[in-house]
Amino acid sequence: MSGRAGSKEDTTELSGNASVITESIEVKADSIQLSGKEFRYVSASGKISGIHKESNLEFSADNLKYDRESKVVTLSGNVSLVDIDNDVKAAAQIIEYNSKTDIAVLQIDVRLEQKKNVCTSAYAVYQKKEQMLELNGNAKVVQDDDTFSAQAITFNMDTEEILMEGNVRGSVTDDGKKDSKEKDSAQNPADENSAKENPSPQKDAADEKSRSAETQGENSSGENDE
């Protein structure tokens with residue numbers, strides 16, 4: 001540990017399995033620096049892991065910056081963020097999280113997983129309390145075999161409602177229709193047997209007309225013979 005103390009600014013540097021615990025976060029890293037008045041700023045680098053205690057978020061990254069007054073933490077370099085309360089996993093190159101608003105801004109190679117949903121984009125805004133996700137830039141949401149893509153997507157993670165804007169594309173697999181077709185096909189043999197056992201009224205009338213014509217022909221033939 002090394003440090004510098006003065007009337008305007010205090011600085012403390014920790015290296016080698018360093019760890020810092022504040023009122024909001026716990027951080028472990030290869031190197032941690034505390035600076036500013038009353039150590040307002042926390043910076044870390046190298047194999048960072050930790051938890052945001054107020055928001056119940058676990059994280060890992062290559063670099064970290066945290067402002068204890070604004071309650072904003074910025075993670076960069078292979079960032080992983082886990083929202084334990086909502087079972088949401090996020091990854092990006094940069095994630096900035098504000099615990100006062102419970103909003104995370106994700107940038108570059110964004111990927112977010114929740115239940116059966118996988119969401120990707122270049123930029124995203126995740127609202128933790130409202131469970132709303134805004135995706136921008138080659139936005140895509142994959143739900144099992146269904147895929148939705150657009151320039152921008154707003155996704156309600158509670159209701160799974162999707163709103164798409166700009167260059168909208170998608171593919172949906174409807175298992176219900178497949179089941180319906182198979183059901184109709186299975187009923188055809190029974191319908192054929194029923195038709196054989198119960199001839200149609202049109203066929204009965206045709207047969208009756210044919211028998212009547214034959215009877216008239218026989219009567220006419222008998223009169224001619226006499």
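The dialogue below goes through a predicted model of one protein chain, feature by feature.

Trainee: What should I know before I start reading the values?

Mentor: This is a predicted model, in which local features need pLDDT of at least 70 and side-chain atom pairs count only at pLDDT 80 or more, while totals for chains, interfaces and linings use all residues. Residues are numbered from 1 along each chain as its sequence is written, and side-chain values use heavy atoms, with hydrogens and water left out.

Trainee: How many helices and strands does the protein chain have?

Mentor: Helices (H or I, at least four residues) and strands (E, at least two) are DSSP runs, numbered from the N terminus. In the protein chain they come to 2 helices and 13 strands.

Trainee: Which strands does E7 pair with?

Mentor: Two strands pair if DSSP finds at least two bridges between them. Strand E6 (residues 72-83) runs antiparallel to strand E7 (residues 88-98), with 10 bridges joining them, and one of the bridge partners is Ile 94 in E7, which belongs with Ser 76. E7 also pairs in the antiparallel sense with strand E8 (residues 103-114), over 9 bridges, and there Ala 90 stands opposite Leu 112 in E8.

Trainee: What lies between the strands of each hairpin?

Mentor: Most residues other than glycine have a negative phi. In the hairpin of E6 and E7, 4 residues lie between the strands, and Asp 87 in the turn has a positive phi of about 55°. The hairpin of E7 and E8 also has 4 residues between its strands, and Asp 102 in that turn has a positive phi of about 60°.

Trainee: Is Asp 87 buried or exposed?

Mentor: Buried means under 20% relative accessible area, exposed over 50%, and partly exposed in between (1.4 Å probe, protein chains only). Asp 87 counts as exposed because its relative accessible area is 53%. For the protein chain as a whole, buried residues make up 31% of the 226 residues.

Trainee: Where is Gln 131, and what is its phi?

Mentor: Gln 131 is in the loop between strand E9 (117-127) and strand E10 (132-143), and its phi is near 55°, a positive value in a residue other than glycine. Gln 131 counts as buried because its relative accessible area is 3%.

Trainee: Which residues are in contact with Asp 83?

Mentor: Contact means heavy atoms within 4.5 Å. Leaving aside its neighbours within four places in sequence, Asp 83 is in contact with Asn 56, Leu 57, Val 88, Tyr 126, Lys 128 and Gln 131. Asp 83, which is found in strand E6, is buried, with a relative accessible area of 2%.

Trainee: What polar contact does the side chain of Asp 83 make?

Mentor: A polar contact is a pair of N or O atoms within 3.5 Å; within protein, one must be able to donate a hydrogen and the other to accept it, and residues adjacent in sequence count only if both atoms are side-chain atoms. The side chain of Asp 83 makes such a contact with the side chain of Tyr 126, at 2.7 Å.

Trainee: Which residues line the largest cavity?

Mentor: On a 1 Å grid over the protein atoms alone, a cavity is a set of points where a 1.4 Å probe fits but cannot get out, and lining residues have an atom within 4 Å of a point. The lining of the largest cavity consists of His 52, Leu 57, Phe 59, Val 73, Leu 75, Leu 81, Ile 95 and Tyr 97. Strand E5 (57-67), E6 and E7 each supply at least two residues of this lining, and the largest share, 3 residues, comes from E6.

Definitions and conventions. 1 Å grid on protein atoms, 1.4 Å probe; cavity = no way out; pocket = protein on both sides within 12 Å on 5 of 7 lines; lining within 4 Å.
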